[in-house]
Every structure is written in structure tokens, then in C-alpha cells.
Amino acid sequence: MAISTAPHHQHHQWAFMIGLLGNIISVMVYLAPLPTFYRVYKKKSTEGFQSIPYVVALFSAMLWIYYAFLKSDDAFLLITINSIGCIIETIYISIFITYAPKTARVLTAKLLVLMNFGLFSLILLLTLLLAKGSNRVRILGWVCVAFSACVFAAPLSIMRLVIRTKSVEFMPFSLSFFLTLSAILWFSYGFLLKDLYVALPNVLGFIFGVLQMGLYAIYKDGTKVVTEEDNKLPVDHCQHNTTTVDVDVDVIKLSTMGSTGEGMGI
């Protein structure tokens with residue numbers, strides 16, 4: 001009996017250590033937008049930044065916490081990182097609402113009501129009322145995977161920007177590196193625990209991370225190509241790019257968290 005359970009126990013030990021490292025890296029990714037919000041606080045203005053990445057990140061963290069509670073087994077690390085994520089994203093959103101113009105505040109409030117309350121409540125009710133036991137976990141797991149896959153489309157915009165401008169100004173190597181490392185850790189965590197729902201989204205995270213680092217290697221010595229369009233709206237252009245970077249952080253982070261959590265199989 002002891003012989004047969006030893007490998008299983010060892011896998012869980014390795015998974016816990018990898019998941020712990022994943023928590024640390026994921027917290028660093030969560031904190032990546034700090035310079036953006038410090039600038040918002042100092043200037044008392046959101047300067048055209050958008051709240052969508054942070055609302056989406058909060059929604060993702062809520063989904064994975066729900067999944068972790070349904071799963072219960074090996075879910076501690078998923079609960080910890082996504083609880084931290086909920087706190088950080090709530091702070092970001094609060095700062096945004098404080099300094100954003102009225103139209104942006106209204107839009108953010110609508111997004112919170114529709115997504116973080118309405119859609120989350122709908123998913124909660126449907127999974128509780130229409131599914132039972134392992135089917136409930138399986139359905140929610142695929143919801144998390146599908147959401148994470150959609151969210152991974154965000155890096156495409158920043159990669160397109162790098163190719164168009166031939167500049168990596170708005171795609172720092174450190175960010176791409178930590179996102180890739182995070183994806184590797186959470187994929188390994190899901191693989192060791194035989195959790196498809198955790199491992200699967202991070203395959204995309206790894207692919208996009210490697211592609212971003214490849215683009216960085218190609219264009220790191222390039223100079224930004226200033227187009228007529230850039231000259232027209234230099235401030236908005238920079239703001240949009242910075243926002244795009246934040247979107248990548250929060251989006252990839254989502255699936256990272258999702259992958260984090262589970263231990264058994266999202």
C-alpha cells in the first residue's frame with residue numbers, strides 16, 4: 001500500500017512546490033500595472049487608460065476561486081493566488097473609478113454589474129442547478145478554459161504593434177519572460193496533478209510568451225517608426241500601447257491563475 005501511494009505523494013509534493021513558485025511569479029505579474037496606477041494617482045487622471053483589463057482579471061479570479069471551492073482537493077494554491085488577485089484588481093478598479101472621467105466611470109460600473117455580478121451569478125446558478133458532482137466541476141472547468149483561451153487573444157494586439165512599429169518599447173522583455181515562466185510553472189502544476197483544465201490554457205500562454213520573446217530578439221535594436229498616424233495622436237498612441245501591455249498582463253495572468261489553482265483538474 002505504501003509502495004503504491006509513494007509516487008502519488010511525491011507528485012503532489014512536487015506539484016505543491018511548483019505551485020508555490022507559480023504563486024510568487026503570478027503575484028509579480030499581478031503587480032506589473034503598479035507604475036500605471038501610480039501615474040494615475042500622481043496626475044489624478046486616467047489619461048485614456050481603460051478599465052476593461054482589470055474588470056476581466058477580477059472576473060477570471062472569481063471564476064477560479066469558485067472552481068477551487070467546487071474542486072476542494074489540492075485547491076489551496078489556487079484559492080490563495082486568486083484571492084490575492086481579487087484584492088489587487090479591486091484596488092486597481094477603485095483607483096480607476098476615483099480618477100476616471102464620468103463616462104469611463106459609468107462604463108466601468110456597467111461592466112462590473114454585467115460581468116462580475118450578472119454573468120458570474122448566471123454561471124453560478126446554472127452550474128449549481130443544472131449539474132451535479134463531477135459534472136459540475138467538469139462544466140465549470142471548460143468554462144474557465146474557454147474564457148482563458150479568449151483572453152489569450154490579447155497578446156496578438158501587442159505583437160502586431162511591435163511588428164508594425166518595429167519597436168519593443170511597449171513590450172518589455174521582463175514581462176514576456178515572467179509570463180512565459182508563469183505558464184511553464186502552471187502547466188507543470190496541472191500536468192503533475194493530472195488537471196487538464198489547469199494545464200491546457202498555459203500551453204497557449206507558453207506559445208505566446210515564446211513568440212513575444214522572439215519578437216523582442218528581432219526588434220530590440222530597432223528604432224520606432226514614426227508614422228503620420230502616430231504624429232496625429234502621440235499621447236493616445238502611447239496610452240493605448242501601455243494599456244495593451246496591461247491587458248496582456250491581466251489576461252495571461254487569468255489563465256495562469258486558472259491553471260494555478262486547481263491541482264486536480266479544473
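Figure 1. Buried residues account for 48% of the 266 residues in the protein chain. Keep in mind that this is a predicted model. Count up the secondary structure and you get 11 helices and 0 strands, so the pattern along the sequence reads α-α-α-α-α-α-α-α-α-α-α. Take the contacts between residues at least 6 apart in sequence: 85% of them join residues at least 24 apart.

**Figure 2. Inside the largest nonpolar core.** This core has 34 residues, and the ones touching the most other members are L63, Y67 and L140. Where do its residues come from? At least two each are supplied by helix 3 (52-71), helix 4 (76-99), helix 5 (102-130) and helix 6 (133-151). Helix 3 puts in the largest share, with 13 residues.

**Figure 3. N116, a buried asparagine on helix 5.** Look for N116 in helix 5. Is this residue buried or exposed? N116 counts as buried because its relative accessibility is 9%, and the cut-off for buried is under 20%. Its side chain reaches the backbone oxygen of V55 at 3.5 Å. V55 also turns up in the contact list of N116: setting aside neighbours within four places in sequence, N116 is in contact with V55, L58, F59, M62 and L111.

Figure 4. Which helices each bring at least two residues to the patch? They are helix 8 (173-192) and helix 9 (196-219). Helix 9 gives the most, with 8 residues.

Figure 5. L211 sits in helix 9, the helix that gives the most to the nonpolar patch. How does L211 count in terms of accessibility? L211 has 43% relative accessibility, so it counts as partly exposed. That class runs between the buried cut-off, under 20%, and the exposed one, over 50%. Compare the view of N116, which at 9% counts as buried.

How values were computed: Residues are numbered from 1 along each chain as its sequence is written. This is a predicted model: local features need pLDDT of at least 70, side-chain atom pairs count only at pLDDT 80 or more; totals for chains, interfaces and linings use all residues. Side-chain values use heavy atoms; hydrogens and water are left out. A nonpolar core is a set of buried Ala, Val, Leu, Ile, Met, Phe, Trp, Tyr and Cys residues joined through side-chain atoms within 4.5 Å. Buried means under 20% relative accessible area, exposed over 50%, partly exposed in between (1.4 Å probe, protein chains only). Helices (H or I, at least four residues) and strands (E, at least two) are DSSP runs, numbered from the N terminus. A polar contact is a pair of N or O atoms within 3.5 Å; within protein, one must be able to donate a hydrogen and the other to accept it, and residues adjacent in sequence count only if both atoms are side-chain atoms. Contact means heavy atoms within 4.5 Å.
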